[in-house]
Each structure stands twice: as C-alpha cells, then as structure tokens.
Amino acid sequence: MDHTAHMSVVPMAASALLAAAVIPGAVHVLRRSPLWERISVPAPVALPLLVLVHAWAVLGAFVGLRAPGGALLTEPALLASAVLFWLPVAARTRHRLDDPGRCLYLFLATPLLDLPAVGVVATGRSAAGLAMIVGMLPIGIAAAALTWSWVNREEREAQALALAAPAHSEPER
C-alpha cells in the first residue's frame, strides 16, 4: 500500500467512527438536553439526509461533486447530519422512535450507509472503502443491541403479566 492509499484509509475510518460511535455516544450521554428538542427532525427526514450527505462526503470527489472546501465543508455537514440521524434513536425528543421503529431505522441505515463505501471499493480503493465499512459497524451493532434489549424487555413484561394474571382472577365455579 502506498502512502496516499494509507492516508485515505485513516480519514475514512475516522469519519465513519465519528458518525457511528462518537456522535451516538455523545447524544446518548446528553439525551435530555433541551437543544435536541429544538434541532431534532423526524426520522424519515434524518435518515435520507445522513445517507445523502454521507454519499456526497464519500463519493463527491469521485463523481465530480467535491465541495470547494473539501473535507473542511463535508466533514462538518456529515457530523451535523449524523447528530440529526441519532436524535430519534438516542435522545428524548418528540421525534423519538419506539423500540420497533429504532430497530428498523438502524437496520435500514446500515446497508444504505455502506453503499458509498462499496463505491469507493469499486474505484479501486478497497482499503479505504473497507475502512469506512468497518468504521460504520457500530450502527449495526447498535441495531442488534437495541433489538436484543427490546425482545428481552417484551419477554419480561409478558412473563410479569402471566404471573400477575392468576393472582387477580378467581376461578369460575
């Protein structure tokens, strides 16, 4: 791998990890911040916004849509759209998704956000594309963790209802 190929791997991985791990962690820690209510958008707006901004940031140079400021413009736009993307999942706002919605949202986002990285691989920069895909893995991991948590919570609630039902009902005679 030459030096220029290595240089593109690090920014790709760092950008992906910021959007997929650091930002959701920060949003989760600050989930009750009043700022989130003011800037949150519905999930059907946030997901396509991140997908489009991410594709522009990753593929813009390859398709002739590179921003005049390069990464100085695309990275802040990507990070801002990542914040908006994570708000329906991790913050307490009017746009917060319920458990099934959060699971579907993240499972839908995972392959959509990997498509630009596949495009990078197709341009011959497989290391950079794979770095982006690996950097985005926390979204899929979050989707799986949320699903597991939701299923376990539903099971506990069903068991609690089953245990409580006989205690409250008298057998008919």
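I take a pocket to be an open set of points on a 1 Å grid over the protein atoms alone, where a 1.4 Å probe fits, with protein on both sides within 12 Å along at least five of seven lines. The model is predicted, so I keep local features at pLDDT of at least 70 and side-chain atom pairs at pLDDT 80 or more, while totals for chains, interfaces and linings use all residues. Residues are numbered from 1 along each chain as its sequence is written, and side-chain values use heavy atoms, without hydrogens and water.

**Pocket**

I looked up the second largest pocket and found a volume of about 230 Å³ (the space filled by probe spheres set on the points, which are joined across faces, edges and corners). Its lining has 15 residues (each with an atom within 4 Å of a point). Pro-24, His-28, Trp-86, Val-89 and Ala-90 lie nearest the centre. Helix 1 (3-29), helix 4 and helix 7 (137-168) each give two or more residues to this lining (helices are DSSP runs of H or I, at least four residues, numbered from the N terminus). Helix 1 gives the largest share, five residues.

**Helix pair**

I then checked helix 4 (residues 71-90) against helix 5 (residues 99-122): the angle is about 150° and the axes are 9 Å apart (lines fitted to C-alpha atoms over the stretch in contact, angles from 0 to 180 degrees between N-to-C directions). Helix 4 and helix 5 are therefore roughly antiparallel (over 145 degrees). I noted Phe-85, Trp-86, Pro-88 and Val-89 of helix 4 meeting Arg-102, Tyr-105, Leu-106 and Ala-109 of helix 5 (heavy atoms within 4.5 Å).

Technical notes: Angles under 35 degrees count as roughly parallel, over 145 as roughly antiparallel, 65 to 115 as roughly perpendicular and the rest as oblique.
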